[in-house]
Structure formats: C-alpha cells, structure tokens
Amino acid sequence: PHRAGDPQKRMPSAQTSLAGLLVLLALISEASALGEEKKFDRLPFTDGPSYRTDICGISQKVIDGEVKIKDALRGLDLSVIAAPDPLFFLLHDNGTIADGAYPGIIVRLLDDVAARGGFRWRNSFGLMSDPSPQTWTEMLMWSMDVYDVNADWWTNSFERMNAGASFPQGWYDGSRIMVTRRAIEAEKMNFSGPYAPFSEELWACIVGAFFFSAIAYYIIE
C-alpha cells in the first residue's frame with residue numbers, strides 16, 4: 001500500500017524491517033501466554049503519557065552477565081505501535097486483533113517472538129495512520145519516544161538512523177528485479193551429437209586401434 005506524506009515510508013526496499021527492539025527479541029527463546037487485547041488511545045503528536053518500558057536495570061544485568069539475553073524481556077508487557085492493514089496488521093471492527101485464518105504478517109511475527117521471549121505485547125498496543133500534514137519520518141520519531149517497538153515496515157534512511165531509529169536485519173525483501181521470457185529456439189536434429197564427447201584426435205585413435213586389432217587378429221588366426 002502507498003501512504004502519502006513521505007515517499008520513504010511505504011515504498012518497498014531491500015532493508016524493510018521492524019524498527020526498535022526486534023534485533024534483541026529475535027534472539028530470545030521459549031513461550032508465554034498472550035493475554036487480553038487492549039490498545040492505547042493516545043493519538044499521534046498529542047501530549048500524554050509515555051508507554052515505554054524501563055529496561056535500564058535489565059540491560060545492566062545483561063551487561064554484567066547476571067541475566068541472559070534470551071531471558072531479558074521475560075514477563076514484561078512491551079508497548080507496540082503499528083498501522084492497521086489487511087496484509088500486515090488486521091483488526092476487527094471493535095479494534096481487537098483479528099485472529100482468524102490470517103491476522104497479518106506483523107501480528108504473526110510479534111506473536112512468535114513474544115512466545116519465544118516470554119513477554120506480552122497484545123496487552124499494550126497502539127495504532128497509527130497517515131500522519132499528514134506531518135511526515136512519516138516525524139511519525140517514526142514520535143513513536144520512538146512513546147512506544148517500545150514500532151512494528152511496521154520502514155525504509156532505512158540516513159535521516160532516520162541519525163535521529164536514533166534502529167533498523168535490524170530485514171525480514172522482507174522488496175527489491176525490484178527485471179524478469180523476461182527466455183527465447184527458446186526450435187530444436188533441430190543434431191547428427192554430430194553422438195561424436196561430441198570425444199575430440200577428433202581421440203576418435204582417430206579409436207578407429208586406428210579398431211583396424212589395427214582387426215588386422216592383428218586376422219594374422220594370428
């Protein structure tokens with residue numbers, strides 16, 4: 001889908017990825033319950049509380065070796081913001097996550113990472129939409145101050161990296177490639193095909209050996 005306001009937001013790229021903590025979350029293992037679904041109502045670019053989780057103490061324990069990375073987020077409720085989309089983040093009319101046949105790839109990714117890391121996110125998510133008249137970059141910067149993870153796909157740019165956005169390894173490759181039909185020539189009978197495996201010199205040796213053996217057997221007989 002195309003979103004207005006910033007051409008760098010929704011155009012596919014080779015480094016499209018979840019922003020924020022997913023570089024850490026991908027290393028985590030084991031399972032947890034998902035909990036009830038509850039979304040935050042704070043509108044983008046408005047004053048209000050921050051939903052970010054204080055993990056400074058846990059980070060120091062990881063650095064000191066007291067806690068393993070795979071257990072760093074266990075038991076936490078991380079705040080997530082995403083844009084409703086039928087392919088990426090599907091919602092019911094009442095605002096809850098659509099857990100039907102396909103709730104969206106971002107929902108599935110978050111559920112899988114949360115199950116491995118033992119944390120929850122469905123208890124604490126918010127929604128974003130077209131930020132006009134602001135840009136998508138401004139939306140990303142605002143969300144970084146309010147939420148733990150912006151679970152959407154963003155184009156990696158120097159402006160966003162310089163502002164502090166973290167782009168882990170991409171999970172979706174949207175690179176453009178050129179595909180053409182290969183011209184297939186009509187097959188023709190190749191009478192020289194059976195002789196192709198050997199060189200002319202080797203064939204001459206084989207034929208010479210054949211006649212030499214025939215003459216030798218004739219003389220011996």
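Is Asp77 buried, partly exposed or exposed? Asp77 is partly exposed, with a relative accessible area of 33%. This value comes from a predicted model.

## The Asp77–Arg120 pair

Asp77 forms a salt bridge with Arg120. The closest N and O atoms are 3.0 Å apart. Asp77 sits in the loop between α3 (56-64) and β2, while Arg120 sits in the loop between α4 and β3 (125-127), so the pair ties together parts that are 43 residues apart in sequence. Arg120 is partly exposed, at 24% relative accessible area.

## Other salt bridges

The whole structure holds five salt bridges. One of them joins Arg116 to Asp112, with the closest N and O atoms 3.0 Å apart. These two residues are four apart in helix α4, so about one helical turn separates them. Both are partly exposed: Arg116 has a relative accessible area of 42%, and Asp112 has 37%.

Lys70 pairs with Asp71, with a closest N and O separation of 3.5 Å. Lys70 is partly exposed at 28%, as is Asp71 at 25%. A network of salt bridges links Lys70, Asp71 and Arg74.

## Nonpolar cores

The largest nonpolar core has 21 residues. Val80, Phe89, Ile97, Trp121 and Phe125 touch the most other members. β2 (80-82), α4 (105-117) and β4 (149-154) each supply at least two residues of this core. The largest share, five residues, comes from α4. Another core of 14 residues lies apart from it, including Met128, Trp136, Trp142 and Phe167.

## Cysteines

The whole structure has zero disulfides. Cys56 is exposed, at 60% relative accessibility. Cys205 is exposed too, with a relative accessible area of 55%.

How values were computed
Residues numbered from 1 in each chain as written. Predicted model: local features only at pLDDT ≥ 70, side-chain atom pairs only at ≥ 80, totals over all residues. Heavy atoms only, no water. Disulfide = S-S within 2.5 Å. Buried < 20%, exposed > 50% of the residue type's maximum accessible area, 1.4 Å probe, protein only. Core = buried A, V, L, I, M, F, W, Y, C linked by side-chain atoms within 4.5 Å. Salt bridge = Lys/Arg side-chain N within 4 Å of Asp/Glu carboxyl O.
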